[in-house]
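Thank you all for coming; I would like to take a few minutes to go through one model with you. Please have the sequence and the structure in view while I talk.

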Amino acid sequence: MKRKIITTGDGSQTLEVEELEETYHSRHGARQESEHVFIQMGLVPALAEKKELTILEVGFGTGLNAILSWKAAKKAGAKIHYIGLEAFPVTFDEVAPLGYAEGDEEAVFFQKLHEASWEEEVAIDEQFSVTKREVKLEDARLEHGVADVVYYDAFGPRAQPEMWRLSLFQQLCEATNEGGIFVSYCAKGQVRRDLASAGYDMERIEGPPGKRHMLRGRK
């Protein structure tokens with residue numbers, strides 16, 4: 001995939017895949033979208049219930065959701081194991097200029113995150129470990145009930161319709177703990193119905209800036 005850096009509506013940057021005409025985060029605001037959809041609507045409610053949990057992200061991408069999750073864990077005094085699935089990994093050289101790390105401590109974390117070995121669990125610090133897997137979701141063979149929170153951050157249904165199939169949502173629901181939370185920026189009616197059919201209790205809630213709605217579910 002050929003990728004280039006673009007600046008989004010909130011001044012933060014993201015990557016654009018030119019042949020798909022898709023960005024890794026919202027054009028209205030990369031950081032704002034990730035903070036709202038995945039942290040405030042997904043991780044924060046989960047942290048209110050338990051202080052050690054596993055996040056499963058489909059579409060690890062630039063690592064923005066991961067670094068924001070680490071910051072939230074530090075604030076809450078929590079421990080996180082992060083599983084990131086990514087079929088088309090980006091390099092640290094590609095994401096370092098995006099400016100997601102603020103200050104020396106975050107810069108060290110972000111570099112360790114991207115330079116961590118694939119296919120094995122790596123402890124970044126005492127509060128955060130990561131397992132990055134270079135695999136498509138349908139081939140991931142996820143452990144049942146492994147995830148307390150699922151971040152679904154694949155490219156949109158227009159660009160990657162194969163990522164929005166009922167069979168994949170069923171696979172994810174099996175990998176989610178009872179009471180676990182699913183969040184996605186997508187709010188399409190068919191996606192919501194398929195997620196409900198897969199076993200999530202779905203709701204359409206307020207979206208990030210520039211987007212009216214998003215989806216959240218509980219198993």
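**A walk through the predicted model**

If we set aside the neighbours within four places in sequence, Glu21 is in contact with Arg27 and Arg158. Before I go on, let me say that what you are looking at is a predicted model, and please keep that in mind throughout. Glu21 sits in the loop between β2, residues 13–17, and β3, residues 22–23, and with a relative accessibility of 57% it counts as exposed, since the cut-off for that class is over 50%. Along the chain, Glu21 and Ala159 are 138 residues apart, and yet in space their C-alpha atoms are 8.0 Å apart.

Let me turn now to the sheet. What is the order of the strands in the open sheet of 8 strands? Reading across, the order is β6-β7-β5-β4-β8-β9-β11-β10, and the pairing is mixed. The edges are formed by β6, residues 121–125, and β10, residues 201–206, each of which pairs on one side only. From one strand to the next, the twist averages 20°.

Two of the pairings can be followed in some detail.

Next, the helices, and I will begin with α2. Helix α2, residues 64–76, lies across β4 (52–58), β5 (79–85), β6, β7 (128–133) and β8 (147–152), and it runs at about 170° to β5.

How does helix α1 pack against α2, and at what angle? Helix α1, residues 30–47, meets α2 at an angle of about 45°, and the two axes are 10 Å apart. Because of that angle, α1 is classed as oblique to α2, and the crossing of the two helices is right-handed. On the α1 side, the contact is made by Ala30, Arg31, Ser34, Glu35, Phe38, Ile39, Leu43 and Leu47, while α2 contributes Leu64, Asn65, Leu68, Ser69, Lys71, Ala72 and Ala76. By residue class, this contact divides into 9 nonpolar, 3 polar and 3 charged residues.

Gln40 counts as partly exposed because its relative accessibility is 37%. Leaving aside the neighbours within four places in sequence, Gln40 is in contact with Glu35 and Pro45. Between Gln40 and Ile55 there are 15 residues of separation in sequence and 14 Å in space, taken from C-alpha to C-alpha.

Helix α2 also packs against α4, residues 104–115, and in this case the angle is about 130°, with the axes 10 Å apart. That angle makes α2 oblique to α4, and α2 passes α4 in a right-handed crossing. Here the contact is made by Ala66, Ile67, Trp70, Lys71 and Lys74 of α2, together with Glu105, Glu106, Phe109, Phe110 and Leu113 of α4. The residues of this contact divide into 6 nonpolar, no polar and 4 charged.

Finally, two residues with backbone angles that I would ask you to look at. Glu119 is found in the loop between α4 and β6, and although it is not a glycine, it has a positive phi of about 70°. With a relative accessible area of 48%, Glu119 is partly exposed. The other is Arg141, in the loop between β7 and β8, which likewise is not a glycine and has a positive phi of about 50°. Is Arg141 buried or exposed? Its relative accessible area is 80%, so Arg141 is exposed.

Definitions and conventions. Residues numbered from 1 in each chain as written. Predicted model: local features only at pLDDT ≥ 70, side-chain atom pairs only at ≥ 80, totals over all residues. Heavy atoms only, no water. Pairing = 2+ DSSP bridges. Helix = DSSP H or I, 4+ residues; strand = E, 2+ residues; numbered from the N terminus. Axes fitted to C-alpha atoms, helices over the stretch in contact; angles between N-to-C directions. Contact = heavy atoms within 4.5 Å. Parallel < 35°, antiparallel > 145°, perpendicular 65-115°, else oblique. Left-handed = near helix turned anticlockwise from the far one by under 90°. Nonpolar A, V, L, I, M, F, W, Y, C, P; charged D, E, K, R; others polar. Buried < 20%, exposed > 50% of the residue type's maximum accessible area, 1.4 Å probe, protein only.
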